[in-house]
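Hi there,

Here is the structure I promised to pass on.

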Amino acid sequence: MVDAEWDKVNFRRDLSVTIARMLTNDRPDPVDLPNDFPEGFTTRLAQLMPPEGVTSTIESLSGIDVVALRANTLLAPAEATFAELAAMGIDFRRVEWSSCAATIRAEQKLQLTTSAAVLTGRVYVQALSSQLAPLVLDPQSGETVLDLAAAPGGKTLQMAAMMGGLGSLAAVEPVAKRWFALRDNIRRASAEGFVKLYRTDGREVGRKTPERFDAVMLDAPCTSEARFVAGDPTSWRYWGPKKIAESARKQKALLRSAIDATRIGGRIVYATCSFAPEENEAVVDHTLRRLGDAVLVESFELPVGNTQPGITKWQGKSYAADVALSQRIIPSRYLTGFYLAKFVKLKSTRKPNSGLP
């Protein structure tokens with residue numbers, strides 16, 4: 001076994017021992033915790049998931065050794081695109097649950113991202129966890145669909161491909177720099193004739209376009225905890241209780257807007273790449289309590305094994321039982337951390353005397 005592999009084995013063993021001690025009466029002092037992350041982060045992880053989940057999470061944040069991609073079937077059949085990658089000498093592995101997805105070794109990422117396949121839009125580099133969200137929403141050809149926080153466009157393009165370019169797909173992004181990145185990706189994938197872009201605050205969309213859409217995707221802005229990089233403080237520069245609370249306030253408003261924009265009988269997927277319950281289950285609980293029987297949380301299946309039901313208790317607070325129907329994706333070698341909840345709208349949420357048609 002090479003030195004790097006021994007290092008990984010030792011890291012996993014030491015981390016497992018530390019976490020086990022954290023979950024028993026033999027809790028270590030703070031100095032014993034992994035110190036490559038912001039203060040309090042690892043402790044929160046240990047309260048959220050079993051020891052093996054914390055271990056895989058820390059390993060994932062310490063370096064992913066695979067990169068995921070998706071073939072853009074708006075431009076070429078997936079098989080033709082994968083044949084092109086094979087001819088380039090890129091060693092990819094197909095994903096069982098998606099005919100368009102594959103993974104490559106991280107050391108081949110530069111070769112992929114500078115290839116004609118990526119530069120002309122036939123391939124889009126997109127995390128597998130991110131690719132699961134559109135599968136849960138399941139947009140259909142002919143439907144009217146909204147991506148409420150769309151940049152940089154991976155899910156937007158994936159949904160466009162799933163719809164076969166038939167129907168209507170609106171993509172919203174308020175931040176100028178991100179909006180231009182979204183526009184460029186849509187153009188590169190030759191989807192500008194189908195995807196309509198809007199630079200506006202997503203919190204206002206439900207009021208402006210009430211009950212218009214069959215399905216709404218909301219991958220909400222968050223603290224991006226699943227994207228922290230061990231030993232790189234810039235990756236968590238603004239993280240902390242204040243930032244988590246700030247994100248949660250915005251997420252609640254965005255989710256309400258997404259639901260208001262959805263027709264009765266329509267569906268909504270809420271997602272984040274944060275581990276924080278304040279940004280995940282607490283947002284779902286808040287929405288259920290505010291809207292009552294106008295919406296319900298719907299169960300769904302994921303084609304991956306490393307998942308965990310949404311938690312119903314956190315730091316002394318209890319959430320609605322249906323919150324457990326949401327799911328957390330525990331990071332692994334192939335999957336980044338992700339949270340997913342699916343809603344179905346049962347009744348109108350239009351506010352009385354709003355003046356809206």
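Predicted model: local features only at pLDDT ≥ 70, side-chain atom pairs only at ≥ 80, totals over all residues.

Is Asp260 buried or exposed? Its relative accessibility is 13%, under the 20% cut-off, so Asp260 counts as buried. Leaving aside residues up to four places away in sequence, Asp260 touches Gly206, Thr209, Pro210, Glu211, Lys345 and Thr349. Lys351 is 91 residues from Asp260 in sequence, with a C-alpha to C-alpha distance of 9.3 Å.

The axes of H7 (residues 128-137) and H8 (residues 154-162) come within 9 Å and cross at roughly 45°. H7 and H8 are therefore oblique to each other, and the crossing of H7 past H8 is right-handed. On the H7 side, the contact involves Ser130, Gln131, Ala133, Pro134, Leu135 and Leu137, which meet Lys155, Gln158, Met159 and Met162 of H8. By type, the residues of this contact are six nonpolar, three polar and one charged.

Finally, the chain as a whole. Its secondary structure consists of 12 helices and 15 strands. Of the 357 residues in the chain, 50% are buried. Among contacts with a separation of 6 or more, 74% are between residues 24 or more positions apart. The accessible surface of the chain is about 16,600 Å², and carbon and sulfur atoms hold 52% of that surface.

Notes
Residues numbered from 1 in each chain as written. Heavy atoms only, no water. Axes fitted to C-alpha atoms, helices over the stretch in contact; angles between N-to-C directions. Helix = DSSP H or I, 4+ residues; strand = E, 2+ residues; numbered from the N terminus. Parallel < 35°, antiparallel > 145°, perpendicular 65-115°, else oblique. Left-handed = near helix turned anticlockwise from the far one by under 90°. Contact = heavy atoms within 4.5 Å. Nonpolar A, V, L, I, M, F, W, Y, C, P; charged D, E, K, R; others polar. Buried < 20%, exposed > 50% of the residue type's maximum accessible area, 1.4 Å probe, protein only. Areas by Shrake-Rupley, 256 points an atom, 1.4 Å probe, with all protein chains shown as cover.
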